[in-house]
Each structure stands twice: as structure tokens, then as C-alpha cells.
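Here are my notes on this one, point by point. Have the structure open as you read.

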Amino acid sequence: MKAIVVTDQAAGTAGMTLVELPEPEPATNDVVVEAHASGFVPTELSWPSTWTDRVDRDRTPSVPGHELAGVVTALGYGTTGLSVGQRVFGLTDWHRDGTLAEYVAVEARNLAPLPGDVDFTVGASLPIPGLTAWQGLFEHGRLQAGQSVLVHGAAGSVGSMVTQLAREFGAYVIGTGRAADRQKTLDFGAQEFVDLENSALEDVGGVDLVFDVIGGDIQKRSAGLVRAGGTLVSIVGPPETRPADGQAIDFVVEADRAQLSEIVRRVRDGRLRTDIGNVSTLDHAVAAFNPTERISGQTIIRVHP
């Protein structure tokens with residue numbers, strides 16, 4: 001099968017190469033999925049799990065990518081809940097070969113059924129942004145109706161999901177970004193926008209929840225905006241500064257079949273929109289991940305037409 005592999009951590013996305021690999025065999029509780037569309041997060045090339053296994057052994061050449069949508073082609077021993085020929089989507093294990101390949105072996109529990117009226121490209125764009133937003137808002141942020149949420153990077157793939165879900169659950173959403181992101185942020189449902197390059201973040205006042213995808217100085221300043229009993233949620237590592245009377249949480253997104261089903265249900269009935277900026281093919285994936293100009297939205301690789 002065709003697959004993208006990486007062998008040199010220092011090379012970044014430029015070090016990705018298209019090769020031929022053997023098709024994977026399903027282990028116990030696995031399925032093999034014929035990937036129709038796959039997602040990739042460039043930061044995963046800095047994650048230790050891309051380069052080593054759980055006991056710190058080198059596992060290169062490794063296949064990156066952890067989001068996929070496709071069709072089940074084989075079941076491992078003991079696998080239940082899915083069947084051959086079923087459309088699925090989900091989030092694969094961080095320490096195993098990923099989804100930038102024609103076939104992927106993945107634990108069945110990491111996948112959810114993909115309805116027939118949801119395109120594979122859309123399905124592949126949902127797992128990381130959707131689950132990150134869901135878990136950050138509801139599991140870690142314990143969002144309640146009527147609360148205020150400050151969403152950094154609100155025009156991005158994660159931030160736009162956070163904005164939409166928070167609005168649906170009755171929150172007041174303030175999105176941040178660059179000046180060029182204003183209209184996109186408001187279109188996704190934010191009630192206010194803060195231009196981080198030209199406006200004072202502190203003018204926002206107190207908020208109940210900060211959802212941070214940026215880190216650094218913006219995160220430190222945001223901690224001071226969290227009201228008593230509120231929460232700073234980070235997906236960019238442990239916060240260096242904690243709210244005076246609240247809590248700070250960082251987390252790594254996890255696969256969850258029930259949450260995936262909730263997310264795709266909202267896509268089907270129009271409550272949730274994805275943010276796909278570019279669709280490429282596996283043959284042209286390396287170029288797609290090394291664009292000559294900035295692309296707004298996720299890049300999705302269409303593996304099988």
C-alpha cells in the first residue's frame with residue numbers, strides 16, 4: 001500500500017516521504033480500515049509518540065496522521081461492535097502507525113459509525129477538533145448555560161468547534177485572533193471578537209472559562225481574566241500561570257465513540273460546521289503539508305477517491 005512516512009524529526013513536514021509499505025494486519029480488538037480521507041496535525045511531528053513507542057524504543061519509519069474516515073475491511077480476533085463494509089471515522093492511537101496510508105489498523109473502540117450522508121472528507125475533519133472542543137468544554141471546563149467563554153484562535157479548526165458547541169449550550173462566546181479572522185470568527189457564532197494584535201485583551205473583563213490553543217504570554221494574561229470558580233483549559237501544555245481563584249487544566253484529547261457520535265449528529269442536522277481549507281491526495285500530500293502560502297482551515301487528504 002501507499003503511505004507517508006517520517007524518519008527525521010528535525011526535518012519537520014519537509015521530511016515526509018511517500019513509500020510502499022505492507023498492508024497492516026489487525027491485532028486483537030482491532031479493525032483494518034481502508035482510509036478514504038485522513039487528517040494530519042503538523043505539531044504531531046514534535047510529539048515523542050510519533051518517534052518512539054510506549055517503552056521509548058525508536059519506531060521509525062512511522063506513519064503520521066491520526067484522523068480518518070473510511071470503510072472497515074477486516075476484523076481482528078475478539079473485535080465487536082463494528083462489521084466489515086461499515087463506514088467509520090475516528091481517532092487512532094498516538095503510538096501506532098497513523099492514517100496517512102491506504103489502510104490503517106486501529107482499535108475498534110477508537111472508531112464510531114459514519115452515517116452514509118456524511119462525506120468521508122468531512123468525517124476525517126471531525127475527530128481532533130470535535131473531540132478536543134467537546135472534552136475541553138464539557139469534561140474539563142464543566143461549561144454551563146449562561147457562562148462566558150473566551151476562545152483563543154477562534155477561527156481555527158479547534159477554536160471554531162469550541163465556539164459553535166459553546167454557543168449551542170447557551171454560553172456567551174468571545175473569540176480572539178488576528179484582525180483578518182474577525183468575520184470568520186463571528187460567522188462561526190462568537191458574539192464578540194478581540195484582535196490580539198491591536199486590542200487590549202484585558203478589556204474583555206472577567207470570564208468563566210478560557211479555552212487556550214496559543215499558550216505563552218496570551219495564556220498568562222488570560223489567567224488573570226478567569227472569575228472565581230472558573231477554569232483555564234489549555235491544549236498546549238501545562239499553564240505556567242494559574243487563575244487566582246480558579247483552576248487551570250491541560251489535557252490530551254482521547255478517542256471516544258459516544259462523543260464522536262454526538263459530534264457527527266450535529267453535523268448532520270446543521271448545528272456544527274467543519275473548517276476544511278484544502279483537500280489534496282496522498283500522492284500530493286507532502287506538498288499540501290508544505291504550502292507556499294497560508295491556508296485557512298484544515299488540510300484533508302483524500303486517500304481513496
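1. Arg142 is partly exposed, with a relative accessible area of 43%; the cut-offs are under 20% for buried, over 50% for exposed and partly exposed in between, with a 1.4 Å probe and protein chains only.

2. A word on the model before going further. This is a predicted model, in which local features need pLDDT of at least 70 and side-chain atom pairs count only at pLDDT 80 or more, while totals for chains, interfaces and linings use all residues. Residues are numbered from 1 along each chain as its sequence is written, and side-chain values use heavy atoms, with hydrogens and water left out.

3. Asp56 also has a positive phi, about 70°, although it is not a glycine. It is found in the loop between H1 and E4. Asp56 is exposed, at a relative accessible area of 60%. The loop between helix H1 (48-51) and E4 holds Pro61 as well, and a cis peptide bond joins Thr60 and Pro61, with omega about 0°.

4. Next, the packing. Which residues touch the most other members of the largest nonpolar core? They are Phe89, Leu137, Leu143 and Val149, out of 41 residues in that core. Such a core is a set of buried Ala, Val, Leu, Ile, Met, Phe, Trp, Tyr and Cys residues joined through side-chain atoms within 4.5 Å. Elements that each supply at least two of its residues include strand E4 (67-75), strand E5 (87-91), strand E8 (148-151) and helix H7 (257-268). The largest share, 6 residues, comes from H3.

5. Leu137 ties this back to the first point. Not counting residues up to four places away in sequence, Leu137 touches Arg142, Leu143, Val149, Val162, Leu165, Ala166, Leu209 and Phe211, where contact means heavy atoms within 4.5 Å. There is also a second, separate core of 32 residues, with Ala35, Ala101, Tyr103 and Val104 among them.

6. Is Asp30 buried or exposed? Asp30 is buried, with a relative accessible area of 1%, and it is found in strand E3 (residues 30-39). Leaving aside neighbours within four places in sequence, Asp30 is in contact with Leu75, Gly76, Thr79, Arg96, Ala105, Val106, Glu107 and Ala108. The C-alpha atoms of Asp30 and Val106 are separated by 5.3 Å, though the two are 76 residues apart along the chain.

7. Ser222, in helix H6 (residues 216-223), is buried with a relative accessible area of 0%. Beyond residues up to four places away in sequence, Ser222 touches Leu150, His152, Leu201 and Val210. Ala285, in helix H8 (residues 285-288), counts as buried at 1% relative accessibility.

8. About 1,300 Å³ lies in the largest pocket. Its lining has 45 residues, and the closest to its centre are Val41, Pro42, Thr43, Ser157 and Val158. Helix H3 (127-140), helix H4 (157-168), strand E9 (172-177) and strand E15 (298-302) are the elements that give two or more residues to the lining. On a 1 Å grid over the protein atoms alone, a pocket is an open set of points where a 1.4 Å probe fits, with protein on both sides within 12 Å along at least five of seven lines, and lining residues have an atom within 4 Å of a point.

9. By class, that lining has 23 nonpolar, 15 polar and 7 charged residues. The second largest pocket holds about 190 Å³. Its lining includes Arg54, Asp93, Glu107, Arg109 and Glu254, and by class has 4 nonpolar, 2 polar and 5 charged residues.

10. Finally, the annotation. UniProt, in an unreviewed entry, places the feature "domain: Enoyl reductase (ER)" at residues 12-301; such annotations may be inferred rather than shown by experiment. In the model, the end C-alpha atoms of residues 12-301 lie 18 Å apart, and the span is 22% helix and 27% strand.

How values were computed:
Helices (H or I, at least four residues) and strands (E, at least two) are DSSP runs, numbered from the N terminus. Grid points are joined across faces, edges and corners, and a volume is the space filled by probe spheres set on the points. Ala, Val, Leu, Ile, Met, Phe, Trp, Tyr, Cys and Pro count as nonpolar, Asp, Glu, Lys and Arg as charged, and the others, Gly among them, as polar.
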